Amino acid sequence: MADETTQIGPVILLGPPGAGKGTQARNIVERYGIPQISTGDLLRDHVARGTALGLEAKAIMARGELVPDKLMYGIVADRLRAPDCRRGFVLDGFPRTAAQAGWLNAFLGKELFDNSGPCAPLVLQLVVDYGGLLLRLTGRRSCPTCGRLYNIYLQPPRVDELCDVDGTPLIFRDDDREEVIQGRISAYERQTKPLVEYFREQGRLVPVNADRELPQVTAEIFGVIDDHRKKCELAAMKTGSAPRQSN
Ligand code: ADP
């Protein structure tokens, strides 16, 4: 793991449902000691607790559509202001629309991180062939205790439907049903994919071929993050400033 004082900065994972954002986010968390901010998980938590936001989001999520932007900003801002985000964080599932990307840019610049130059957020685009997504999503299972992800076809647990780590029965996400998946993929195509161009124009986008064995994808991601960090540290040394503001 990177030492506890190293600034990693914001890492954004972009890619369609089933591209492996959650799995790679967890690997990044383990290696760099920064938190994973998954808006899907935050929303599912609201749904489970029956909050006002959860009640509003529940039916939208069940249809595979996106929750309105305005509902997202509060939960993301609250989470990013938590002290554990000061060294950086990995965003999984946010931003998902052009409006969310603009909001994040303004929020980071204003409140958290230097938002331009070599220390700007790193955007990793997980590139996958759409043909494989159905298997990835319908086979996905997760452990409600430790959050570990499995795929009954591609990365099955040692014992059928039980978590390798703690033996908890694995769960299936309601929106991983075949009839919902198409809606999620079209929402991605329509609302999220344009962000690829947006981040490319800003020079922040690094495409990663995510159609390979998981360890290969993870190794490439770690390499990209390490390079990004070095460039950021070097730039900070040149200007004599700290790589990131840690307020
Ligand atoms: P996936 O990326 O595999 O589709 P997530 O767990 O990231 O799954 O998201 C599940 C659902 O939560 C989405 O289909 C959507 O309804 C909602 N959601 C998550 N993040 C956002 C977001 N940034 N904006 C709007 N809706 C979101």
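A: Start with strand pairing: two strands pair if DSSP finds at least two bridges between them. Here β1 and β3 run parallel and are joined by five bridges. Pro-10, for instance, has Phe-89 of β3 as its bridge partner. Residue numbers count from 1 along each chain as its sequence is written. The model is predicted, so local features need pLDDT of at least 70 and side-chain atom pairs count only at pLDDT 80 or more, while totals for chains, interfaces and linings use all residues.

Q: How are the elements themselves defined, and how many helices and strands does the protein chain have?

A: Helices (H or I, at least four residues) and strands (E, at least two) are DSSP runs, numbered from the N terminus. The protein chain has nine helices and seven strands. Its radius of gyration, taken over C-alpha atoms, is 18 Å, close to the 18 Å from the globule rule for 247 residues, so the chain is as compact as a globular protein of that length. That rule is 2.2 Å times the number of residues to the power 0.38. Along the principal axes the C-alpha trace spans about 55 × 40 × 30 Å.

Q: Which other strands pair with β3?

A: Strand β2 (residues 36-38) runs parallel to β3, with three bridges between them.

Q: How do I judge burial, and how many residues of β3 are buried?

A: A residue is buried if 20 or more other C-beta atoms lie within 10 Å of its own, exposed if 12 or fewer, and partly exposed in between, with C-beta atoms placed from the backbone. In β3, five of the five residues are buried, so the strand is largely enclosed by the rest of the structure. Both of its faces are covered, with Gly-88, Val-90 and Asp-92 on one side and Phe-89 and Leu-91 on the other. Over the protein chain, buried residues make up 34% of the 247 residues.

Q: What are the pairing and burial of β4?

A: β4 is mostly covered, with five of its six residues buried. It pairs with β1 in the parallel sense over four bridges, where Leu-13 is the bridge partner of Leu-124. β4 also pairs in the parallel sense with strand β7 (residues 205-209), over five bridges. There, Gln-125 has Pro-207 as its bridge partner.

Q: Which residues have the most contacts inside the largest nonpolar core?

A: A nonpolar core is a set of buried Ala, Val, Leu, Ile, Met, Phe, Trp, Tyr and Cys residues joined through C-beta atoms within 7 Å. The largest one has 35 residues, and those with the most contacts inside it are Val-11, Leu-13, Leu-14, Val-90, Leu-91, Leu-124 and Leu-126. Elements that give two or more residues to this core include β1 (9-14), β3 (88-92), β4 (122-127) and α9 (214-239).

Q: What is Val-11 in contact with, beyond its sequence neighbours?

A: Two residues are in contact if their C-beta atoms, placed from the backbone, lie within 7 Å. Leaving aside neighbours within four places in sequence, Val-11 is in contact with Ile-28, Gly-88, Val-90, Leu-122, Leu-124 and Ile-225.

Q: Which residues come nearest the ligand?

A: The shell holds residues whose C-beta atom, placed from the backbone, lies within 6 Å of the molecule. Of the 17 residues around the ligand, Pro-17, Thr-39, Gly-40, Val-67 and Gly-93 come nearest. α2 (39-49) and α3 (52-62) are the elements that give two or more residues to this shell.
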